Amino acid sequence: MKILVIGGAGYIGSHVCREFLDQGHQVTVFDNLSSGLEENLFPEEDFIKGDILDAPALEKAMSRGFDALIHLAAFKAAGESMLKPEKYSVNNITGTINILNGAVATGITYVVFSSSAATYGEPKYLPIDEDHPTEPENYYGFTKLEIERFLKWYDKLKGLKFAALRYFNAAGYDVKGRITGLERNPANLLPVVMEAAVGMRSEVQVFGNDYDTIDGTGVRDYIHVNDLAVGHVAALDYLARTNQSLTVNLGSESGLSVLQIIDAARKITGRPIPARIVGRRPGDPAKLTASAKRAKELLGWTAQYSDVETLVRTSWDVYRNKAGL
Ligand code: WQD
């Protein structure tokens, strides 16, 4: 298929592009490189530098006869979204409306959208399945949930078929080492741990060790980015096969604590990785784990690479190489 990947130069987007290319699809990336990197582009794909807020340029790019689009273009820092909601309204929501209107105008009927476990908010039960109430705790999660609602309306009114993929905690790097771009100013745990391992930062701050979890630190469902990428291809196959929209979790169904990640990283890297317990980060739930039953049933998808060793080792390979270690 001929696929447009909006946000395809980013951390997750580049892995998604790699997987579509590996499966024989033709890929064009549309990205403004605000957080995406030229380094993440592949020679086999076309690249259009552009912004989703520039509706005419976006529609022009979309009018090249695509069968499907993958939409990963968004700001994603939950903490920042609480301080600067306007920024998230404009980019995530207005930008997506431009994309959906562009899809209608140019006849693209399949959309795979990067949604988030942040749409659920504080868990009421675990593991979280797709029927769990959606009450986002942060504005970022609200934007993702609103976009899911737009998608449902565009399906109903315009026949657009969508897959909303609710990612849990994306982590790791391409297991074949083909993607090497580092995220700038990361706030997520694994890149922070890696920066401490190579000496780019002096320590990891552990946000609280008094949660009701295995060792008191926060537990998350870390999903390897190659697994996420495979999930996108499976989701598009599903849309093309059934012509039905779907909303589905992509998670590993297992939980890792902050200290489990740091311990694994110390063993795998052989580096000290200083860590200091500090106060809880506001808005952090104690524990989040996914049910991926629906993804298994409908997409035949299960996580293959999301064990702690692969998550840490693939990240370490990239950080170690960059640091010349
Ligand atoms: C993981 C765990 C922290 C950093 C965020 C977004 C969410 C989604 C994924 C996109 C928690 C702890 C972290 C650090 C720490 N994004 N931690 N020290 O908060 O689960 O999810 O990314 O959809 O919307 O909110 O991920 O990686 O920030 O934190 O102790 O320096 O690591 O408290 O327990 P989070 P995270």
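1. Pro127 sits in the loop that runs between strand 5 (110-116) and helix 5 (139-158); here helices (H or I, at least four residues) and strands (E, at least two) are DSSP runs, numbered from the N terminus. The peptide bond leading from Leu126 into Pro127 is cis, and its omega is near -10°. Please have a look at that bond when you set up your own checks.

2. A word on the source: this is a predicted model, in which local features need pLDDT of at least 70 and side-chain atom pairs count only at pLDDT 80 or more, while totals for chains, interfaces and linings use all residues. Residues are numbered from 1 along each chain as its sequence is written, and side-chain values use heavy atoms, with hydrogens and water left out.

3. Pro136 belongs to the loop between strand 5 and helix 5 as well. With a relative accessibility of 26%, Pro136 counts as partly exposed, given that buried means under 20% relative accessible area, exposed over 50%, and partly exposed in between (1.4 Å probe, protein chains only).

4. Now to the ligand. Which residues come nearest to it? Of the 18 residues around the ligand, these are Tyr140, Gln205, Arg220, Arg281 and Asp284; a residue is near a molecule or strand if one of its heavy atoms lies within 4 Å of it.

5. For Tyr140 the distance from a polar side-chain atom to an oxygen atom of the ligand is 2.7 Å. For Arg220, an N or O atom of the side chain is 2.6 Å from a ligand oxygen, and a polar side-chain atom of Asp284 also lies 2.6 Å from an oxygen atom of the ligand. The protein buries 88% of the 680 Å² that the ligand exposes when taken alone; accessible areas come from the Shrake-Rupley method with a 1.4 Å probe, and for residues only the protein chains shown count as cover.

6. Where does the shell around the ligand come from? Helix 6 (189-198) and strand 8 (204-207) each supply at least two of its residues, and strand 8 gives the largest share, three residues. Domain 1 (2-171 + 222-250) and domain 2 (189-221 + 253-323) each contribute at least three residues to the shell, with domain bounds taken from an automatic or database domain assignment.

7. By residue type, the shell around the ligand has 10 nonpolar, five polar and three charged members. In this scheme Ala, Val, Leu, Ile, Met, Phe, Trp, Tyr, Cys and Pro count as nonpolar, Asp, Glu, Lys and Arg as charged, and the others, Gly among them, as polar.

8. Two backbone angles deserve a look. Asn243 has a positive phi of about 55° although it is not a glycine. Asn243 lies in the loop between helix 7 (225-242) and strand 11 (246-250) and is partly exposed, at a relative accessible area of 43%. Glu253, another non-glycine residue with a positive phi, has a value near 70°. Glu253 is in the loop from strand 11 to strand 12 (256-257), and its relative accessible area of 49% makes it partly exposed.

9. In helix 7 you will find Leu239, which counts as buried at 0% relative accessibility. The C-alpha atoms of Leu239 and Lys161 are 6.8 Å apart, although 78 residues separate the two along the chain.

10. What about Asn98, buried or exposed? Asn98 is part of helix 4 (residues 85-106), and at 16% relative accessibility it counts as buried. From Asn98 to Gln244, 146 residues apart along the chain, the C-alpha separation is 23 Å.

11. Asp215 is in the loop between strand 8 and strand 9 (219-220) and is partly exposed, with a relative accessible area of 28%. Asp215 and Ser257 are 42 residues apart in sequence, and their C-alpha atoms are 7.4 Å apart.

Definitions and conventions. A polar contact is a pair of N or O atoms within 3.5 Å; within protein, one must be able to donate a hydrogen and the other to accept it, and residues adjacent in sequence count only if both atoms are side-chain atoms.
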